[in-house]
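Hi,

Here is the structure I promised to send over.

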Amino acid sequence: MALSQVAALAEKALGHKDNSIIEQDITNPARDRAKYADPSGETMKALVWTGKNTVEIQEVPKPRVVEDRDVVLKVTGSTLCGSDLHLLHGSIVEMQKGDILGHEFCGTVESMGDAVKGLSKGDRVVASFQIACGDCYYCKKKWSSQCERTNSNTLEHGMYGGNTAGMFGYSHFTGGFAGGQAEYVRVPLGDVNLLKLPDNVPDEKGLYLSDVLATSWHCVVDTGVQKGDIVAVWGAGPIGQMVASFCFMNGASRVIVIDSNWRLDYIKEKYPKVETLNFNSLPKGESVTSQLKKMVDGRGPDIALECVAGEYPKGWAHYFELMSGAETDTSEIINEMITSVRNFGRCGVTGVYAGFTNHFNIGSLMERGVRLIGNGQAPVHLYWENLLKMIQSGEIEPLDMVSHRIALEDLDKVYYKFDKREDGLQKIFVETKFSFTAAKGTPSLTKY
């Protein structure tokens, strides 16, 4: 927590860069009701961060249109992502009490600024988790997650050598924008960052175009999964699950998923072709690397894909280094991937890594010619139109990962259960008072 506070103070002292074309640091309309809250005085329920490891459902002001390309949505569906847990834990810097979380959401257009084009009140839409301008160097290539004009955070630029796009509900480090785990949400540059949903795609499917589907697809294609490849996937959460599915769609001959809990069985039930490896049940004297070598001709898989994150240590050394601030991320999974793949193998990193790590096995990377690829935050705009067509055709079934439907007012309780991997929570659909009747074949509502 101290690191996050220091980072926030440093940003305040340094000041933002001057690159953003949209206002920054509107993580809750309550921060300045006169400027950011709807003049009607209407309030809404929203999930807010209240400090390290604590979140609450609070009554906060409804957002207003602030800039002329803003769109305000009635949120009809949102969800909870493994990335939200990094915010819960305070692993992402520059969180502030009262920040509204949630970077995956869909809804209907409630109001919009005068300059918005192509949208009408009542349109059903899904938002990309990143906020793109549509016109900069990266946006013209559809690399929307790297937009140059929506995040002016100086500290991020200094740490990374460049800024990512602004992101919903993901700290002031990425611009400071209120998220969609709420009844209403303001979408800057709404005519760029909203995709209309057709009538034959219900919210329970279309919602996941906002992040998880695009992120999983990007992980697979950006790392270069090809026909005949043998792929090892670290992490059996929703991203790991969809990555496994998309690996087969892109020609992989075998997919091995590594994790340590019930999620391995969940994925195996959905995709019987998947092989699993439980790192908590290894034979004495064996490691993940040694087991993968034995499973794949003594050489190891062609490709390793990281779908976990850097904040989860396995050994005591990294545990204490993370606790003391000597590193922000553990290198253990990355090292396992590097040593597990065959010579000239490829490793893709999609799980979130925030800063710096120790004990990185650069020797194996160099000597054996292993390619380590940072997949980056997935450029949703590059993929979401095609992924929508694949949902419509039945090639992709998002409901394979959806285990629960919950009400927004229970979301704070579900955060803690999701963090502990309880109740078989894989991917959830969060309904609000504006949600439509549950689509056929979707989970029934679970109350907490």
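Predicted model: local features only at pLDDT ≥ 70, side-chain atom pairs only at ≥ 80, totals over all residues.

**Cavities, cores and one asparagine**

The second largest cavity has a volume of about 60 Å³. A cavity here is a set of points on a 1 Å grid, over the protein atoms alone, where a 1.4 Å probe fits but cannot get out, and lining residues have an atom within 4 Å of a point. Points are joined across faces, edges and corners, and the volume is the space filled by probe spheres set on them.

Residues are numbered from 1 along each chain as its sequence is written, and side-chain values use heavy atoms, with hydrogens and water left out.

Back to that second largest cavity: its lining includes His86, Ser91, Glu311, Asp329 and Tyr353. By class, the lining has five nonpolar, four polar and two charged residues (Ala, Val, Leu, Ile, Met, Phe, Trp, Tyr, Cys and Pro count as nonpolar, Asp, Glu, Lys and Arg as charged, the others, Gly among them, as polar).

In total there are two cavities of 30 Å³ or more. Of its 15 lining residues, Ile26, Pro29, Pro63, Ala178 and Arg186 lie nearest the centre. Strand β8 (residues 184–187) gives the largest share of that lining, three residues; strands are DSSP runs of E, at least two residues, and helices runs of H or I, at least four, numbered from the N terminus. The lining of the largest cavity splits into 11 nonpolar, two polar and two charged residues.

On to the cores, meaning sets of buried Ala, Val, Leu, Ile, Met, Phe, Trp, Tyr and Cys residues joined through side-chain atoms within 4.5 Å. Buried is under 20% relative accessible area, exposed over 50%, partly exposed in between (1.4 Å probe, protein chains only). In the largest nonpolar core, of 71 residues, Leu213 and Leu305 touch the most other members. Apart from it lies another core of 23 residues, including Val109 and Leu189.

Lastly, Asn335 sits in helix α13 (residues 332–340). Asn335 counts as buried because its relative accessibility is 15%. Beyond its neighbours within four places in sequence, Asn335 is in contact (heavy atoms within 4.5 Å) with His359, Phe360 and Asn361. The Asn335 side chain reaches the backbone nitrogen of Asn361 at 2.9 Å.

Cheers

Definitions and conventions:
Polar contact = N/O pair within 3.5 Å; in protein donor to acceptor, adjacent residues only side chain to side chain. 1 Å grid on protein atoms, 1.4 Å probe; cavity = no way out; pocket = protein on both sides within 12 Å on 5 of 7 lines; lining within 4 Å.
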